Amino acid sequence: MNFIICFRAVSVTLLILLLNACGMAKGVHEFRPLASDVERVNITPDEIEVYTLDNLPSRPIIELANIAAHGNGYANNEVLINTLKEEASKAGAEIVLITNKEISKDEILGTYGNGVMLANQIQRPHLYGIAAIYSKVRFGIIADNNGLIKYVTSNSAADEAGLKEGMKLLTINGRYYNNTSIFQQEIATKKPNDIIEVEYIDNNNNKFKTKVTLKKSE
């Protein structure tokens, strides 16, 4: 009896190991326009750092590419994450920011016996993210897509330039601020001590322009 129980336990363990070994995923990446303007890195997938929307990097990042891992029916989360890291490495990134996960269901039709049709449903996992690098400079604000400043870091370049929570960004280097990617595009190629011009509306609804000297991202 004990032998049968042990045999079944070993069989289940071997089956789990076999299924895990069958887990595979196809990775894809699509570069964003900004990728051609920045200096990318050359590191292995094992060196890629992984973050989620609940655990964001502490330093500002520049988004290089959209990445995805499309698993087969046996792919687990580890397989999907490793696939994202491989795609990020190909894109010249040093960070993976996981943004979404979903399951698709595919039906496989077959025949049995005297032509009876059977359908098996296969669940395929998909993991999506962004491949990015760390920015060389830090501005020191968090703003929404409309330019409303939500947070200003103490002693940052933005703080020293007089920007405060509640103010609204209008332009960065003459470009209208209508989403957060505008800001990334304007600082992507900048270095510490470079200067950008910011136009904004203060908390009294007055319009100003100011020059901001960017600081090193640490």
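Two strands pair if DSSP finds at least two bridges between them. Helices (H or I, at least four residues) and strands (E, at least two) are DSSP runs, numbered from the N terminus.

**Figure 1. The hairpin of β7 and β8 in the predicted model.** Strand β7 (residues 141–143) pairs with strand β8 (residues 149–152) in the antiparallel sense, over three bridges. Ile141 has Val152 of β8 as its bridge partner. Five residues lie between the strands of this hairpin, and Gly147 takes a positive phi near 90°.

This is a predicted model, in which local features need pLDDT of at least 70 and side-chain atom pairs count only at pLDDT 80 or more, while totals for chains, interfaces and linings use all residues. Residues are numbered from 1 along each chain as its sequence is written, and side-chain values use heavy atoms, with hydrogens and water left out.

**Figure 2. Confidence along the protein.** The predictor's confidence in each residue, pLDDT, runs from 0 to 100. The protein averages a pLDDT of 83, and 83% of the residues score at least 70.

**Figure 3. The largest nonpolar core.** A nonpolar core is a set of buried Ala, Val, Leu, Ile, Met, Phe, Trp, Tyr and Cys residues joined through side-chain atoms within 4.5 Å. Buried means under 20% relative accessible area, exposed over 50%, and partly exposed in between (1.4 Å probe, protein chains only). The largest core has 22 residues, of which Val38, Ile62, Leu64, Leu84, Ala88, Val96 and Ala131 touch the most other members. At least two residues each come from β3, α2 (77–90), β4 (95–112) and β5 (116–134). Strand β3 gives the most, with five residues. A second, separate core of 21 residues includes Ala161, Val198, Tyr200 and Val212.

**Figure 4. Surroundings of Glu63.** Glu63 is found in strand β3 (residues 61–71). Glu63 counts as buried, at 18% relative accessibility. Leaving aside neighbours within four places in sequence, the contacts of Glu63 include Arg32, Leu34, Ile130 and Gln184.

**Figure 5. The open sheet of four strands.** The strand order is β10-β9-β11-β12, with antiparallel pairing. Because β10 (175–176) and β12 (207–213) stand at the edges with a single partner strand each, one side of each is left without a neighbour in the sheet. Strands β9 (residues 168–172) and β11 (residues 195–201) pair over four bridges, and Ile172 stands opposite Val198 in β11.

**Figure 6. Salt bridges.** A salt bridge is a side-chain nitrogen of Lys or Arg within 4 Å of a carboxyl oxygen of Asp or Glu; by this rule the count comes to seven. In the pair of Lys136 and Glu39, the closest N and O atoms are 3.4 Å apart. Lys136 lies in the loop between β5 and β6 (137–138) and Glu39 in the loop between β1 (25–31) and β2, so the pair ties together parts that are 97 residues apart in sequence. Glu87 and Lys90 also meet in a salt bridge (3.1 Å, N to O). These two residues of helix α2 are three residues apart, and therefore separated by about one helical turn. Glu87 counts as buried, at 4% relative accessibility, whereas Lys90 counts as exposed, at 57%.

Conventions: Contact = heavy atoms within 4.5 Å.
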